[in-house]
Amino acid sequence: MDIMGGLGGDDAGGDKDADEQAELERLEVLREAEERRKEKHRKMEEERETMRQGIRDKYGIKKREEKEAEQNQMFEASSLNRKKKTPEELAKEAEAEDEDEFTKLKNTLESQVNEIKQQIEGKCVLQ
């Protein structure tokens, strides 16, 4: 006596297809439930964040991430552990500073020379 025969399962291939279909449906239902749960929690977190932001605005409190970013910037600016610059980067910075100073000096000298030239041309008349 066959156990499957007693249950009316002469067609074993049909049972496998039905089982696979049922499993796929179950997985789909689980996935949809998980998506609904995530969406619900996302909405709740958005509501909480708006409440938190209202409290921050009311009392002038900075957001935790902003505080951490400011602290990190201050730490990086005065830290001994900051990233060391390569000699090439240092040379480029020095050139930029020198170029700025030289450019300013050059421009001031050129403007003074042009003023003196105009004064001399105004006083002298070539014959």
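View 1. Salt bridges that share partners link Glu45, Arg48, Glu49, Arg52 and Arg56 in one network; a salt bridge is a side-chain nitrogen of Lys or Arg within 4 Å of a carboxyl oxygen of Asp or Glu. Glu46 and Arg42 also meet in a salt bridge, at 2.3 Å from N to O. Both lie in helix α2, four residues apart, about one turn of the helix. Helices are DSSP runs (H or I, at least four residues), numbered from the N terminus.

The model is predicted: local features need pLDDT (the predictor's confidence in each residue, from 0 to 100) of at least 70, and side-chain atom pairs count only at pLDDT 80 or more, while totals for chains, interfaces and linings use all residues. Residues are numbered from 1 along each chain as its sequence is written, and side-chain values use heavy atoms, without hydrogens and water.

**View 2. Arg42 and Glu39.** The closest N and O atoms of this salt bridge are 2.3 Å apart. Arg42 is partly exposed at 38% relative accessible area, as is Glu39 at 32%.

**View 3. Arg37 and Glu34.** In this salt bridge the closest N and O atoms are 2.6 Å apart. The two residues are three apart in helix α2. Arg37 has 41% relative accessibility and is partly exposed; Glu34, at 33%, is also partly exposed.

**View 4. Confidence along the chain.** Mean pLDDT is lowest in helix α1 (residues 3-6), at 54, and highest in helix α2 (residues 12-59), at 92.

Technical notes: Buried means under 20% relative accessible area, exposed over 50%, partly exposed in between (1.4 Å probe, protein chains only).
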